Amino acid sequence: MQTLFRVAFRHGFYNASDQRCTDLEAIPTPACATLLQASGLIFRAMDDGFGVFLPGDRAPALTAMLARQPGARLSFLLRAGNSAFVGITDLPIDMSPMRHAIHVSNLATHRQGQTREFGRADAVGVFAPLDVTDADVAFVATAAGTVSAVDLCGAPAASCTVTAPGPTTLSLAGQAYGAYTISGDPFGSPKTLVYTPQTSRAIGLIDLVLAQPTGSTAPAAAFALTIDNGQLAVNPVTLTLAFAPRATVWKYYIVSRGSDVGFAPGLTITGTNIDTGKPMTFTKSPEVLPNGDAAVLFTADAAILMRAVPTAQYALSGQRDGGPGHRADIAIARLPNAPSAPVWPNGQQPDGGISEIFVYI
């Protein structure tokens, strides 16, 4: 049995386990399941990714299939088993599987050290989510004409004729789940959409094209199969789907446990962000909590990366003020770190987030 593809999930949040991410699950789409069965390929889920394998006796069938379908691809829905996944990940914080999905394929990869990762190295927002559509792509036509959809490899998938401006629908019914680019003057600017079942709870879709399509500029090393003079050659491909951790603004609420006890003016938080090696500064302000408790709010002056094992270490020092002549020193060598959930939207930075930590003294 030969390996065709090995896809590994990695996430910078998991800094204590070599970034191995077990939050994700890849599920073959119905079209992919049919192709796997017809070709004899074997899909195998793993804790931190998945693999696709070719039994030795199935090479002739696969060669014949590729001759019929040169752009054959394997497609997998990507689900997150961790409900906090979007919160800890550098993705738009309002991302919803009902409306958005990331899309990656081996047509766009780059070298990262010793590995090949999904996404172009020069892309801004490699995993910028795309809009999700169901079988009916509804839009408002701006003119008469033809609107067309092409699949990942540029093959025609569907089209419709627009006779007059106004509400129009392009049907993708019967097409395999995947990424489709819709274009045509009536549609407006070309747009790529991800066609998936909106009830699938998938946060993304992975496409693996088996052999390099004609005219593709993607490196040959990203494709598992080549056919030369009718002979099938296997080039095992290992790809990494790597996610970056979210950076959030930490807010410490220091709350006094006694209603008649407060804090002296010199209350201070100090410490270093190990990721940057620089001291972190905080802006201090009084705050009244919804239950009426008085607090001192310390807001970090820069965002801090979320980590499973925190790389930020902050200490609190100052004095408790119980009235004239009644002051007691406060010293907490290590304040609690931001939890992985919840992460709140940051109105000033739509793609960022806010982490709140409450400390009662």
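A: Phe 9, Phe 43, Phe 50 and Phe 76 form one aromatic cluster. Rings of Phe, Tyr and Trp (the six-membered one for Trp) are paired here if their centres lie within 6.5 Å, and the planes are called stacked under 30 degrees apart, edge-to-face over 60 and tilted for the rest. Before going on, bear in mind that this is a predicted model, where local features need pLDDT of at least 70 and side-chain atom pairs count only at pLDDT 80 or more, while totals for chains, interfaces and linings use all residues. Residues are numbered from 1 along each chain as its sequence is written, and side-chain values use heavy atoms, with hydrogens and water left out.

Phe 50 is a handy way into the strands. Phe 50 sits in β4, where Ala 45 stands opposite it. Strands β3 (residues 42–46) and β4 (residues 49–54) run antiparallel and are joined by five bridges. They make a hairpin, with two residues between them. Helices (H or I, at least four residues) and strands (E, at least two) are DSSP runs numbered from the N terminus, and two strands pair if DSSP finds at least two bridges between them.

β4 has another antiparallel partner in strand β1 (residues 2–11), with six bridges joining the two. In that pairing, Arg 6 has Gly 51 of β4 as its bridge partner. β1 also runs parallel to strand β19 (residues 237–243), and seven bridges join them.

Thr 63 counts as buried because its relative accessibility is 15%; the cut-offs are under 20% relative accessible area for buried, over 50% for exposed and partly exposed in between, using a 1.4 Å probe and protein chains only. Leaving aside neighbours within four places in sequence, Thr 63 touches Ile 227, Gly 230 and Leu 232, where contact means heavy atoms within 4.5 Å.

Back to rings: a search of the whole structure turns up 14 aromatic pairs. One of them is Phe 139 with Phe 187, an edge-to-face pair at 5.0 Å centre to centre with 70 degrees between the planes. This one links distant parts of the chain, 48 residues apart: Phe 139 is in strand β10 (residues 136–141) and Phe 187 in the loop between β14 and β15 (191–195). Phe 139 and Phe 187 are both buried. Then there's Tyr 253 with Phe 358, a stacked pair at 4.7 Å centre to centre and 10 degrees between the planes. Here too, distant parts of the chain are linked, with Tyr 253 in strand β20 (residues 247–255) and Phe 358 in strand β30 (residues 349–360), 105 residues apart. Tyr 253 is buried because its relative accessible area is 7%, whereas Phe 358, at 38% relative accessibility, counts as partly exposed.

Now the largest pocket, with a volume of about 420 Å³. It is lined by 22 residues, and His 103, Val 104, Ser 105, Ala 108 and Leu 130 lie nearest its centre. Two elements give two or more residues to that lining, β6 (100–105) and β14 (178–183), with the largest share, four residues, coming from β6. A pocket is an open set of points on a 1 Å grid over the protein atoms alone, where a 1.4 Å probe fits, with protein on both sides within 12 Å along at least five of seven lines; lining residues have an atom within 4 Å of a point. Points are joined across faces, edges and corners, and the volume is the space filled by probe spheres set on them.

Most residues other than glycine have a negative phi, and most peptide bonds are trans. Asp 18, though, has a positive phi near 55 degrees; it is found in the loop between β1 and β2 (24–28) and is exposed, with a relative accessible area of 67%. Arg 201 also has a positive phi, about 60 degrees, and is found in the loop between β15 and β16 (202–209). At 55% relative accessibility, Arg 201 counts as exposed. As for the peptide bond from Ala 341 to Pro 342, it is cis, with omega near 0 degrees, and Pro 342 is found in the loop between β28 (327–332) and β29 (344–346).
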